[in-house]
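Subject: Structure handover

Hello,

Here is the structure we talked about. Please open it beside this email and follow along as you read.

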Amino acid sequence: MNDPQPLQEERYDMSGARLALTLCVTKAREGSEADLDALEQMFRQLRFESTVKRDPTAQQFLDELEKFQQLIDSWEEPVSCAFVVLMAHGEEGLLKGEDEKMVKLDDLFEMLNNKNCQALRAKPKVYIIQACRGEHRDLGEAVGRDEMVMVTKESPYTIPTYTDALHVYATVEGYIAYRHDVEGSCFIQTLTEVFMTRKGPILELLTEVTRRMAEAELMQEGKARKVNPEIQTTLRKRLYLQ
C-alpha cells in the first residue's frame, strides 16, 4: 500500500469584497450591546463592510436578509465572502423577532444559497447564531484525561445548492445559550477574541473557540454550567480571514 499523501490545500480567494450583516434583538437581551461592539471591532479588523439592524421583527429578519442578498448581487466588484450574525431568543430551528413571532432559520439561510444569490455562488457564507436551541442546561461531565468518545450521526447528502456554507451555533441542539448582563455572551466574546488575535483556517479557529468555551464555566442560577458551540459546514476549501 502506498503511504497516505498530505491533503492539497485549496483556499477560497479572499481578494474581493467582504460583506457582513448583523441582525440583533436587544429587547430583554441584556449584554447584547457588548456583543455588537465586539462584532463591530472584529469586522473592522477583518476588512468587512458591515451593516447592523437592531430589534428586527420576525418579518424584518426575512426582509433584511433579502435586502442583503440584493446588495451582494448588485455589488460592483466581486464579492469573496459574506457573514451573517443572528442574535435573538430562539428554539431549535427558530428565532424570535422583536414582535415575539418566530422565523425559521432555514428560510433565512436559503436567501444566500448558491441558487438564490449568484454573486456568492461557490463563495463562503458564514452564519453565526447566538440564540437558545432548547431548554436543556449542561452541568458538564467528568472526563478522564485520555477518554474520548466518537459519536457519528448519519447526515443526508446535501445537494450542491447548499455548499460553501458554515453555520456556527452558540450551543448544541436542544440547549440554552448564555449571556452576561454586562459583558455579553460567552460565545460572541470568545469568537471575536479568537478571530482577532489568531490566524489560521476558520475551522481551526472555531476549534480554538470550542476549546476555550469547553474549559470555561458559566455561573447561572448559582450553578456552574457548561456550554459549547456547534459547527456545521459544507465548505469545500480552507477559509482564511487574515
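Helices here are DSSP runs of H or I with at least four residues, and they are numbered from the N terminus. Keep in mind that this is a predicted model.

Start with Thr190, which is found in helix α4, residues 186-197. Is Thr190 buried or exposed? Its relative accessible area is 13%, and buried means under 20%, so Thr190 is buried. The side chain of Thr190 reaches the backbone oxygen of Cys186 at 2.5 Å. Leaving aside neighbours within four places in sequence, Thr190 is in contact with Val209, Arg212 and Met213. Thr210 is 20 residues from Thr190 in sequence, and the two C-alpha atoms are 8.9 Å apart.

Next, the aromatic rings. The structure holds four aromatic pairs. In one of them, Phe48 and Phe83, the ring centres are 5.0 Å apart and the planes are at 75°. Planes over 60 degrees apart count as edge-to-face, so that is the label for this pair. The pair links distant parts of the chain, 35 residues apart: Phe48 is in the loop between α1 (32-45) and β2 (49-54), and Phe83 is in strand β3 (residues 79-87). Both Phe48 and Phe83 are buried.

Phe109 and Tyr127 also form an aromatic pair, and this one is tilted, with 4.7 Å from centre to centre and 55° between the planes. Distant parts of the chain are linked here too: Phe109 belongs to helix α3 (residues 105-110) and Tyr127 to strand β7 (residues 125-130), 18 residues apart. Phe109 is buried at a relative accessible area of 11%, and Tyr127 is buried at 2%.

Phe43, Phe48 and Phe83 form one aromatic cluster. Another ring, that of Tyr240, has the charged end of Arg11 over it, 3.8 Å from the ring centre.

Last, a point about the backbone. Most residues other than glycine have a negative phi. Asp55 is not a glycine, yet its phi is positive, at about 50°. Asp55 is placed in the loop between β2 and α2 (58-73). Asp55 is partly exposed, with a relative accessible area of 25%. Asp164 also has a positive phi, near 65°. Where is Asp164 placed? Asp164 is in the loop between β7 and β8 (165-169). With a relative accessibility of 0%, Asp164 counts as buried.

Regards

Terms used: Residues are numbered from 1 along each chain as its sequence is written. This is a predicted model: local features need pLDDT of at least 70, side-chain atom pairs count only at pLDDT 80 or more; totals for chains, interfaces and linings use all residues. Side-chain values use heavy atoms; hydrogens and water are left out. Helices (H or I, at least four residues) and strands (E, at least two) are DSSP runs, numbered from the N terminus. Buried means under 20% relative accessible area, exposed over 50%, partly exposed in between (1.4 Å probe, protein chains only). Contact means heavy atoms within 4.5 Å. A polar contact is a pair of N or O atoms within 3.5 Å; within protein, one must be able to donate a hydrogen and the other to accept it, and residues adjacent in sequence count only if both atoms are side-chain atoms. Rings of Phe, Tyr and Trp (its six-membered ring) pair if their centres lie within 6.5 Å; planes under 30 degrees apart count as stacked, over 60 as edge-to-face and the rest as tilted. A charge sits over a ring if NZ of Lys or CZ of Arg is within 6 Å of the ring centre and within 35 degrees of the ring normal.
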